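I opened the model today to look up a few local features. My notes follow.

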Amino acid sequence: MTLAPFVRIVAQGKGRARALTLDEAQEAMSVILEGRAAPEAVGGLLMVLRLRGEEPQEIAGFTAALRAHVSGALPAADLDWPSYAAGRSRGAPLYLLAARLVAQSGVRVSMHGHNAYQSSTMRPQDIRALAGPQVRYDPLANLCPEAFGLLGLRADLGLRSCINTVLRMWNPSRAKATVQGVFHPSYRSLQAQAAEMLGQQTLTIIKGGGGEFERHPSKDIVCFGLRSGQHIQHNAPALLSETRRLHEENATVDPMALWRGETRDPFAEATVTGTAALALWTLDPDATLAQAQATADALWSNRAAYEGCLA
């Protein structure tokens, strides 16, 4: 089997083309990941889907193929936290401190990603240093070279493809709960629908800083996702009244100085605890968002004592 039949389905012309079914999408991505597709066909398929727009069953099928292609790569975790969007427009990666905070509660956090457009502070070793010893971080290049190659096609094609969405959906640690950030709000519903098709039960998706799962503390946000397999849309009120962009050019904070208490920045701290609260709320179906926020605040206040116990 080659990729040609699948390209034909989506690209054969107005009134004749259609979206792939979930099974067709899964088979198409399997052909790609197994190296049986011509590069021209891969680029053609991805760009047709880019032009037409992504469909949830296609994303679900592609994700199912990726999961089957890379099975058992990571130990089981409680929370899947993909990180693929930290680009040129964002500042300090405070979401890494949020993941570190969540891990203090005993949650096994699995992060995976690729952050091509960040500075040298986003090298895998530096991500691990910021996220802390209790958070597992695995770069995509190590987890799945084939998917890494597909993501790298952005440099050749000049455009983002659906691979970015698929990688957020991947969940290689088979965690029961997932948090996802998106840059474009329309993807919140798309990814929730794809997750439902894959049988996922617990998921929170927000429009986050730079496309990461990182909350703006001075804005009301809408959380999309799943609880017990049912779709949710939950409004989370702003934590601060300060009017400010999430990543001001002249307001970049040193994350480790913030973590150690050497720097005080209420806005940055609220970004960390607010993001952590959303993750904790995702993990506990019985907790309210206010209760999760109180837990995150307490974890932040006691972070030094906790890490002292680990030393």
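I looked at the outward face of α14 first: opposite its buried side, α14 carries Ala290 and Ser301, both exposed (over 50% relative accessible area; buried is under 20%, partly exposed in between, with a 1.4 Å probe and protein chains only). I take helices from DSSP runs (H or I, at least four residues), numbered from the N terminus. The model is predicted, and local features need pLDDT of at least 70, side-chain atom pairs pLDDT 80 or more, while totals for chains, interfaces and linings use all residues. Residues are numbered from 1 along each chain as its sequence is written, and side-chain values use heavy atoms, without hydrogens or water.

I then listed the buried residues of α14: Leu289, Ala292, Gln293, Ala296, Leu299 and Trp300. Down the axis of α14 they fall within an arc of 120 degrees (taken from the directions from the axis to the C-beta atoms), so they line one face of the helix.

Next I checked α1 (residues 4-11) against α3 (residues 39-52). Their axes are 10 Å apart, at an angle of about 25 degrees (lines fitted to C-alpha atoms over the stretch in contact; angles run from 0 to 180 degrees between N-to-C directions). That makes α1 roughly parallel to α3 (under 35 degrees). From α1, Phe6, Val7, Val10 and Ala11 make the contact; from α3, Ala41, Leu45, Val48, Leu49 and Arg52 do (heavy atoms within 4.5 Å).

Last, I looked up Cys162. I found Cys162 in the loop between α9 (154-157) and α10 (163-169). Cys162 counts as buried, at 3% relative accessibility. Beyond its neighbours within four places in sequence, Cys162 contacts Leu46, Leu49, Glu54, Ile59 and Phe62.

Terms used
Helices (H or I, at least four residues) and strands (E, at least two) are DSSP runs, numbered from the N terminus. Angles under 35 degrees count as roughly parallel, over 145 as roughly antiparallel, 65 to 115 as roughly perpendicular and the rest as oblique.
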